[in-house]
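Me: I would like to go through the aromatic rings and the nonpolar core of a model. Could we start with what the terms mean?

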Amino acid sequence: MALGYVLSLAAEQDVEEIISYIATENIQAAYDFVDALYDSFEKLAENPFMGHVREELTSHPVRFWTFKWHYLVIYNPARPLEVVRVLSGFRDISNLI
């Protein structure tokens, strides 16, 4: 079965950076994180309007899903769902989208 989502190049890079960062402290935690992250992508693809709109951050047609501690999955709910970015909520989101 084909995936119901795609990752932008920026999202792929975001995921790689997050995994590398977590792996410096705990490799198993990095594996667990990535497994749960990709499960959340599938969940969002099945239910694309679960996330919320953040008009104060962007006028782009994207939604936001809070993942784990403080990460945001930023995605376009179109079919297939496009994961645009995966960012820490502590970053300057509006300038990175």
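Reply: Rings of Phe, Tyr and Trp (its six-membered ring) pair if their centres lie within 6.5 Å; planes under 30 degrees apart are stacked, those over 60 are edge-to-face and the rest are tilted. By this rule there are 4 aromatic pairs. Tyr38 and Phe41 form an edge-to-face pair, 5.1 Å centre to centre with 70° between the planes.

Me: What kind of model is this?

Reply: This is a predicted model, where local features need pLDDT of at least 70 and side-chain atom pairs count only at pLDDT 80 or more, while totals for chains, interfaces and linings use all residues. Residues are numbered from 1 along each chain as its sequence is written, and side-chain values use heavy atoms, with hydrogens and water left out.

Me: Is Phe41 buried or exposed?

Reply: Phe41 is buried, with a relative accessible area of 0%; buried means under 20%, exposed over 50% and partly exposed in between (1.4 Å probe, protein chains only).

Me: Which residues have the most contacts inside the largest nonpolar core?

Reply: They are Phe33, Leu37, Phe41, Val73 and Val83, in a core of 21 residues. A nonpolar core is a set of buried Ala, Val, Leu, Ile, Met, Phe, Trp, Tyr and Cys residues joined through side-chain atoms within 4.5 Å. Helix H2 gives the largest share of this core, 7 residues; helices (H or I, at least four residues) and strands (E, at least two) are DSSP runs, numbered from the N terminus.
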